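This report describes one protein chain for a reader who is new to structural work. Please keep the sequence and the three-dimensional view at hand while reading.

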Amino acid sequence: SAAESRSRMTRCGRVGASGALLLLCASLAAASRGDSSAPYQDCTSACRRAYACPLAFADAGWTSGACFWCKYDCMWSAVTVFTAAGHSVPQFHGKWPFYSTRWAQEPASTVFSLLNLLAVNEMRKRVLRLGEGNEALEPYSTMRRVWIGYTAVGIVTWLCSSWFHAADHFWSERADYFSAFAFVLYANYAAVLFVFPSLRRGWRGAGVSTACLLFYLRHVNNMWRHFDYGWNMALCIICSVCTLLTYFVYLFGRWRQFGSLAALRQSDRLLLVVLGWTAAAVSLELHDFVPFYFTIDSHALFHAATVPLPFITAKFLEFHARESGFEYTKIV
């Protein structure tokens with residue numbers, strides 16, 4: 001109830017005031033000053049006693065009901081203590097404080113993830129209609145299957161992202177990180193097969209597919225044993241850069257073929273748009289700032305920026321199919 005909430009806020013505020021002098025003495029990680037602070041720790045300990053909340057913050061029990069709202073009040077109480085003492089707004093459990101709702105801990109990122117889900121599903125529909133009647137042409141049908149797989153991985157990825165931003169706990173976090181890396185790696189896999197047709201068939205195709213699968217499973221196994229956020233982010237960025245470079249190899253070959261940038265085909269120009277848009281979106285992940293109105297941070301902006309990409313990519317594939325001489329059935 002509202003009265004209980006105000007009571008918890010008052011209790012946590014008293015705990016926070018008593019622990020304010022300890023803030024500068026605590027040994028804190030830069031990404032989790034808030035959850036390591038004495039005010040927050042004391043307040044959440046009171047939550048455990050009052051509502052039988054789990055010991056580990058990664059437990060799903062903290063994501064709903066009285067435990068969630070008690071921890072939520074503790075977070076804002078700790079933010080008040082930090083700012084009143086002249087310190088910057090801290091992060092909690094590696095994330096900035098957000099205004100939450102009953103259905104989502106991070107409403108903006110959740111909404112943008114769902115919009116990405118709808119966008120990738122629309123791309124899937126377009127790819128399924130792409131080149132109908134040409135399935136017997138092996139070079140085309142191979143890449144068609146690859147792009148269908150890309151959209152399937154994308155749908156799973158954005159479902160997991162929505163789940164994670166709505167309710168952050170052990171299982172949703174791992175689902176989000178592992179599916180996101182699968183999407184990034186699959187994008188690299190699709191780029192390699194698109195640019196180097198000789199790798200699509202026979203033992204070469206099987207070798208590339210097997211290597212990517214084993215690399216992914218090894219990464220998941222290593223992350224499961226030791227969840228290294230920094231390494232996971234670095235690997236995602238490396239894979240994204242490799243994808244961009246692979247497509248630039250393709251565009252360089254097209255430029256040499258046609259003799260000038262002005263002579264590039266329409267699909268080539270759209271591919272340049274996709275690459276530029278992707279690079280700009282990924283660059284948002286390199287920034288970190290207190291969320292605007294405690295609602296939208298750099299990660300939420302990254303999710304917002306990626307929403308148009310499936311539409312542009314689908315249009316690129318449509319133009320490329322036409323320019324390659326394949327039939328295309330328009331979506332009515």
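## An exposed tryptophan and its surroundings

Trp103 has a relative accessibility of 53% and therefore counts as exposed, since the cut-off for that class is over 50%. The model in which this value was computed is a predicted one. Trp103 is placed in the loop between α4 (65-84) and α5 (107-129). Together with Val111, Leu115 and Leu118, Trp103 makes a nonpolar surface patch of about 400 Å².

## The chain as a whole

The secondary structure consists of 12 helices and 0 strands. The chain has 332 residues, of which 47% count as buried.

Helix α7 covers residues 170-195, 26 residues in total. From its first C-alpha to its last, α7 reaches 38 Å, close to the 38 Å expected at 1.5 Å a residue. Is α7 largely enclosed by the rest of the structure or largely open? Of its 26 residues, 21 are buried, so α7 is largely enclosed by the rest of the structure.

The largest nonpolar core has 37 residues, and within this core Trp147 and Tyr247 touch the most other members. The elements that give two or more residues to this core are α5, α6 (138-166), α7, α8 (202-225), α9 (229-258), α10 (266-284) and α12 (309-323). The most is given by α7, with 9 residues.

## Annotated transmembrane regions

An unreviewed UniProt entry lists residues 147-165, 177-196, 203-219, 231-250 and 270-294 under "transmembrane region". Such annotations may be inferred rather than shown by experiment.

| Span | Helix content | Strand content | Distance between end C-alpha atoms |
|---|---|---|---|
| Residues 147-165 | 100% helix | 0% strand | 27 Å |
| Residues 177-196 | 95% helix | 0% strand | 29 Å |

## A partly exposed arginine

Arg33 lies in helix α2, which covers residues 33-36. Is Arg33 buried, partly exposed or exposed? Its relative accessibility is 21%, so Arg33 counts as partly exposed; buried would require a value under 20%. Although Arg33 and Gln91 are 58 residues apart along the chain, their C-alpha atoms are separated by 6.0 Å.

Technical notes: Residues numbered from 1 in each chain as written. Predicted model: local features only at pLDDT ≥ 70, side-chain atom pairs only at ≥ 80, totals over all residues. Heavy atoms only, no water. Patch = residues over 30% accessible without salt bridge, like charges linked within 9 Å, V, L, I, M, F, W, Y side chains within 5 Å. Areas by Shrake-Rupley, 256 points an atom, 1.4 Å probe, with all protein chains shown as cover. Salt bridge = Lys/Arg side-chain N within 4 Å of Asp/Glu carboxyl O. Helix = DSSP H or I, 4+ residues; strand = E, 2+ residues; numbered from the N terminus. Buried < 20%, exposed > 50% of the residue type's maximum accessible area, 1.4 Å probe, protein only. Expected span 1.5 Å × (residues − 1). Core = buried A, V, L, I, M, F, W, Y, C linked by side-chain atoms within 4.5 Å.
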